[in-house]
Structure formats: structure tokens, C-alpha cells
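Have a look at the model first.

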Amino acid sequence: MLKLNLFARLGLFVYIIIYLIFPKLAITKNTNVDIRKNLEYALNTKNLELIKSFFKEEENLKIQEKFSALIRDFPNAKWEIKKLPNSNSNKKIFDIKVNGEKVVNGERYFLESKFKYLFSTHKDKIDNGYIKNLLTTIRNDQNKIDILFRIPEQVLTGKKYDIDVILNEPLGDVIIAGGIMSHQDESYLKQKINIEPLPSGGIFKTTRAPSKPVTQIWSGIITHPKGIITFTKSVEIVEKYNLSVF
């Protein structure tokens, strides 16, 4: 069994990202300032005081802890934020990418995270924000492993759905292992993943969505002679599909 917090030090930080883009983030009191540009600049310059100034006072300690951890894990992480068009005039969408790398025990690990951030604005502040379509990978295989993630973005409440993490190459005599689990909040730091042989060439799982709307987080790991891949993927559980925000 493998503790997920062993991989937290390698930057498995989905919730760090969530805290950095907290729904009550206050960007500026000047409506003429580009929110996208402001946020991207603040994250890339890693100015903790500037980051904290965007948040309400009660969030400052949390921001300090989470962002400091991110800087330690991936000090060279770069953020790219693009504004996406949306037919819903009350909602804005940012397409966000984070890339970074670090060396641990002589191994170079590469971080890639992609997600969408949806929010509205109220009195010049971001309001009612939430993350969708999150996929974060950390790998040390130099992209030599051809891996495909087939995990849905949205699933209806109570419905069954498949989670497939597929290695698109013949295994031959190669032995791989891995595991996957779901969690919510920051409970992943206290839970464990069962690592088992994967003779089928990947992780294949059928599960049932919760009966109430929620965001499920799936975290997993694939170990291969060419390297290790850890991943985190969000699945939005909804009562009805909403395609207008994609």
C-alpha cells in the first residue's frame, strides 16, 4: 500500500490549485484592470504577499501554507491563463495550464496540470468560482510511456461510469503495477492506494456516481520500468448535463 502523501512532496497538489483560485479571490477594485493578466502575473512571480492581498483576511494563513508548499515542490512552475468565450453572460471561464519540473533523488519529475475555472464577478471580485475538468500528471518517464486517460468530465447522479487509464503499447514481458482511488477534500493525505499488478495494460474500473451533485477526485499511480506516472482527475457529478460551459 502506498501513502498518497509520499507523492504530495512531488507536487500532487490539486487542492493547492483549488485554494490558489479560491472562489472569493479579490483581484482588484479597478474594473478596467485585466483580471486574467493580473492573476497570471501574481502566480508566475510567486509573490506571496501579492497573492495574499487578493484574499480575505481569514484565508491568508491558508494561502501562505498552500502556496509555500507549491513553491517548494515546483519552484519553477509556470501558469498560463486564457479567457474562453461563454454563451452564459453571467459566467466567465478561464482555461488554466500549469507546468513545472523538479529533481528528486536524481530523478527529474515533470508536472502538467490543466483545468477550467468558472466564476462570476460581484463588486469587482471573483465570486462563486469552481474548478472543472481537472487533470494533473506528474511523471519521470520523459513521456516515453504512451498513456491515455479515459475518464469522463461529467456524470449524472447515480449512474455507472467507466474509468480507463490505458497504456497504448504492447507490454510483452514488461510488468507494470498501479492503483486508483477516489476522495474528497484533503482526505487523500490520510488515505492509501493499493498497488497491484496490472496484467491488462492499465487501470480499468467501473464505478457508480454519488446520488447527490459533487466533484469526485480520482488519484492514481502507474509504475513501469520506464518510470512512474501519478495522476489526479476530477469528475463532476451533476443532476443534468450542462454543455454550455465547455
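R36 and E40 sit 4 residues apart in helix α3 (residues 35–45), so about one helical turn separates them. Helices here are DSSP runs of H or I with at least four residues, strands are runs of E with at least two, and both are numbered from the N terminus. The side chains of R36 and E40 form a salt bridge at 3.4 Å, N to O, the term meaning a Lys or Arg side-chain nitrogen within 4 Å of an Asp or Glu carboxyl oxygen. R36 is partly exposed, at 22% relative accessible area; buried would be under 20% and exposed over 50%, with partly exposed in between (1.4 Å probe, protein chains only).

This is a predicted model, where local features need pLDDT of at least 70, side-chain atom pairs count only at pLDDT 80 or more, and totals for chains, interfaces and linings use all residues. Residues are numbered from 1 along each chain as its sequence is written, and side-chain values use heavy atoms, leaving out hydrogens and water.

The structure has 10 salt bridges, including these:

| Pair | N to O distance |
|---|---|
| R36 and E40 | 3.4 Å |
| K102 and D73 | 4.0 Å |
| E80 and K82 | 3.6 Å |

K102 belongs to strand β3 (residues 92–104) and D73 to helix α5 (residues 60–73), so their bridge ties together parts 29 residues apart in sequence. K102 and D73 are both buried. E80, by contrast, is partly exposed at 35%, and K82 is partly exposed at 44%.

As for confidence, the chain's average pLDDT (the predictor's per-residue confidence, 0 to 100) is 78, with 71% of residues scoring at least 70. Over residues 1–33, pLDDT stays under 50.

How values were computed. Contact = heavy atoms within 4.5 Å.
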